[in-house]
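Please look over the sequence and the model shown below before reading on.

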Amino acid sequence: MTAILGMLAAREHLVRLSAVDLAIVIFYFALVLGIGFYLKRFAKTGEDFFLAGREMTAWVAGLAFVSANLGSLELLGWAGNAYQYGILAAHWYWIGAIPAMVLLGLVMMPFYYISKTHSVPGYLQLRYGPAASGLSAVTFAFMTILMSGVNMYAMALVMKVVLGWDINFSMWVSSLTVGVYVAAGGLFSAIFNEVLQFFLIWFGALLIPILGLYETGGWSGMVARIQQNFPGQDFTHMWGPMHSFSSNPMGIHWTGIVFGLAAVQSMGYWTTDFLVVQRVLSAKDIRSAKMAPIIGSFFKMAVPLIVILPGLLGLAVLPMHLVPNSPHLPPGQHSFDEVLPLMLVRYCGPGLLGLGITALVAGFMAGMAGNVSAFATVWTYDLYRPFIKKDATDKHYVSMGRWCTIIGLFVSIGTAYLAMRSESLMDWVQNLFGFFIAPLFGTVLLGMLWKRVTSAGGFLGLLSGTATSITLFFLMKSDPKWVAIFALSPEAKGLAQAMYQSLWSCTTCVVVTILVTLVTKPKPDQELRGLVYSLTDVAQEEHASLFHKPVFWGMLALVLLVILQIIFW
Amino acid sequence: MGEKHNIIPVWFFVGVLFLAYGVLVLASGLSRWSADATSQNAQNDVLAHLHAPVWWGALLIVLGMVYCGAFRPGRKAN
């Protein structure tokens with residue numbers, strides 16, 4: 001997050017928008033507001049407002065699923081990481097996403113869907129009871145709203161640096177627009193906006209790699225230029241430089257990527273973070289729910305084209321060397337995270353520039369809409385209904401959801417102003433979210449696959465995993481000697497530390513869950529039907545043709561993933 | 001999508017977005033092209049001679065027309 005703060009330095013902004021660029025931005029705001037008002041008439045019941053009526057096709061749910069993770073800060077940050085670390089950053093899009101999406105579609109989604117839960121904490125309520133569900137709901141609601149505020153501020157800073165827009169103007173106009181259309185149409189609005197954003201981002205950013213590869217004379221020309229600009233450094237291989245911690249700029253060993261990122265962190269994020277899972281729960285039937293993450297996985301596999309490749313092209317064609325993010329950059333210097341706007345300015349004139357900027361604004365607003373819609377659902381169904389007002393009417397809960405959306409946005413705006421005053425708050429909030437995801441994956445997966453797991457085991461496993469995560473984070477921040485112990489090398493950088501932190505916290509969660517389970521009494525089978533693998537009949541589409549089977553497409557995604565790894569080894 | 005509620009498909013709105021942006025980007029590209037033909041104004045963007053806004057705008061218009069036509073309100077989905 002200091003990356004973004006670094007860009008606050010008093011420098012001339014990068015881009016001056018023309019009239020046509022402004023028209024493109026304004027049209028987007030008008031369109032999303034119009035769609036919000038149009039959808040209001042359809043969001044009448046709880047299922048409509050919180051789950052978009054459970055009538056989305058696999059394609060819409062799949063695009064919204066992947067789009068919820070394709071926010072503006074994600075684009076700017078990972079393009080910056082690609083400039084800093086090279087193609088290693090693509091691990092977060094490939095092995096750090098695709099297997100998890102396939103697992104969600106083929107293994108976990110049926111349980112979420114068949115149990116008819118509204119949310120991930122809702123599943124925990126059914127499987128483990130109120131303690132685990134309450135812990136998960138409180139941490140999710142709290143962190144989601146904080147994240148929303150921090151992202152709001154960070155994006156307003158980007159708009160200030162790139163466009164020269166006033167921070168207050170950016171925050172209030174965008175958040176009020178999001179508030180109006182989400183409060184009106186609920187998840188319908190959020191999903192429609194995410195699909196629009198998906199196309200906008202692709203068509204706003206795709207020209208950068210196309211024109212960049214044209215300028216460099218293709219992939220080999222780009223690699224040659226990178227080697228010329230940065231002699232002796234390997235930016236274009238994914239696995240080769242990871243045989244030791246010191247042989248790559250990220251300071252990570254392949255075990256961190258395989259066991260920390262692929263096996264734990266990405267699994268936790270893509271299968272238990274309700275912000276993304278909620279999009280799939282809106283699917284119209286179980287086959288669509290299984291297909292949605294798998295469809296999303298193919299698009300996710302393509303995202304490095306518009307995120308990682310521009311970062312690599314930046315290494316090849318930008319006349320200046322970008323520098324680490326810092327609050328005190330001298331005039332004329334640019335940080336890693338500015339590589340995407342710099343490439344946009346390099347190739348895009350009036351009109352196209354407006355398209356690119358609108359894509360960034362849309363990504364920001366869609367991310368905020370995702371946060372507040374998920375917050376409203378978890379607050380209403382997992383905290384307000386079970387703990388505060390149990391027997392209210394459906395209409396009452398919809399009304400609560402609408403108010404939550406507005407209140408959540410104002411809390412986010414308040415957080416944004418707090419973040420403006422405290423740089424450290426932004427860093428903490430960014431890290432806090434990771435504390436809960438890895439152990440939650442262990443709790444949910446064990447609960448789905450092993451019927452013996454008890455309520456006490458689930459709750460104590462989740463609690464101990466979260467405590468481990470927090471403890472390791474502070475230990476590694478306080479003294480580098482702990483980095484050598486828990487991240488296996490003193491050379492492990494921030495991202496590498498996070499991978500091992502996830503691995504140990506999930507392992508702790510699983511071990512504690514198993515140990516407590518073995519000494520406590522399990523739930524009777526009849527209470528676990530539809531929630532656990534051995535007690536649930538999941539339709540396997542045995543009579544469907546090959547092309548209609550989710551398992552076929554899931555396997556195809558994994559095969560493509562392997563081919564990509566071999567190509568860029 | 002929208003079977004229970006008969007909602008206009010999101011793809012129609014995607015088409016509207018493409019169409020509007022295609023027109024704006026194409027118009028901007030054409031006006032810049034004609035201005036370039038009559039003057040030697042310096043261009044800030046690299047590869048400006050490829051006139052990317054013109055063909056990108058045209059592509060958006062074609063896609064917008066396809067989406068708007070295929071998913072227009074009132075058309076019965078298969």
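Ser119(A) touches Phe274(A), Leu281(A), Val378(A) and Asp382(A), leaving out residues up to four places away in sequence, where contact means heavy atoms within 4.5 Å. With Asp382(A) there is also a polar contact between the two side chains, at 2.4 Å; such a contact is a pair of N or O atoms within 3.5 Å, and within protein one atom must be able to donate a hydrogen and the other to accept it, while residues adjacent in sequence count only if both atoms are side-chain atoms. Ser119(A) is placed in the loop between helix H6 (98-114) and helix H7 (120-128) of chain A, and with a relative accessible area of 1% it is buried. Buried here means under 20% relative accessible area, exposed over 50% and partly exposed in between (1.4 Å probe, protein chains only). Helices (H or I, at least four residues) and strands (E, at least two) are DSSP runs, numbered from the N terminus.

## Basis of the values

This is a predicted model, in which local features need pLDDT of at least 70 and side-chain atom pairs count only at pLDDT 80 or more, whereas totals for chains, interfaces and linings use all residues. Residues are numbered from 1 along each chain as its sequence is written, chains are lettered from A and ligands numbered from 1 in the order in which they are written, and side-chain values use heavy atoms, with hydrogens and water left out.

## Salt bridges

Over all chains the structure holds 4 salt bridges, each defined as a side-chain nitrogen of Lys or Arg within 4 Å of a carboxyl oxygen of Asp or Glu. In one of them, Glu194(A) and Arg279(A) meet at 2.8 Å, N to O. This pair links distant parts of the chain, with Glu194(A) in helix H9 and Arg279(A) in helix H13 (residues 274-281) of chain A, 85 residues apart, and both residues are buried.

Arg54(A) forms a salt bridge with Glu47(A), the closest N and O atoms being 3.8 Å apart; Arg54(A) is buried at 5% relative accessibility, whereas Glu47(A) is partly exposed at 33%. Asp525(A) and Lys451(A) meet in a further salt bridge (3.2 Å, N to O), and here Asp525(A) is partly exposed at 29% relative accessibility, as is Lys451(A) at 33%.

## The nonpolar core

The largest nonpolar core has 213 residues, and Trp94(A), Tyr112(A) and Val444(A) are among those with the most contacts inside it. Such a core is a set of buried Ala, Val, Leu, Ile, Met, Phe, Trp, Tyr and Cys residues joined through side-chain atoms within 4.5 Å. Not counting residues up to four places away in sequence, Val444(A) touches several residues, including Met108(A), Tyr112(A) and Thr272(A).

Chain B has 2 helices and 0 strands, and buried residues make up 41% of its 78 residues.

The contact takes 44 residues from chain A and 34 residues from chain B. About 3400 Å² is buried between the two chains, with carbon and sulfur atoms giving 79% of that area; buried area is the accessible area (1.4 Å probe) that two parts lose on being put together, summed over both. Across this interface there are 0 salt bridges, while 6 residue pairs are in polar contact (both at pLDDT 80 or more).
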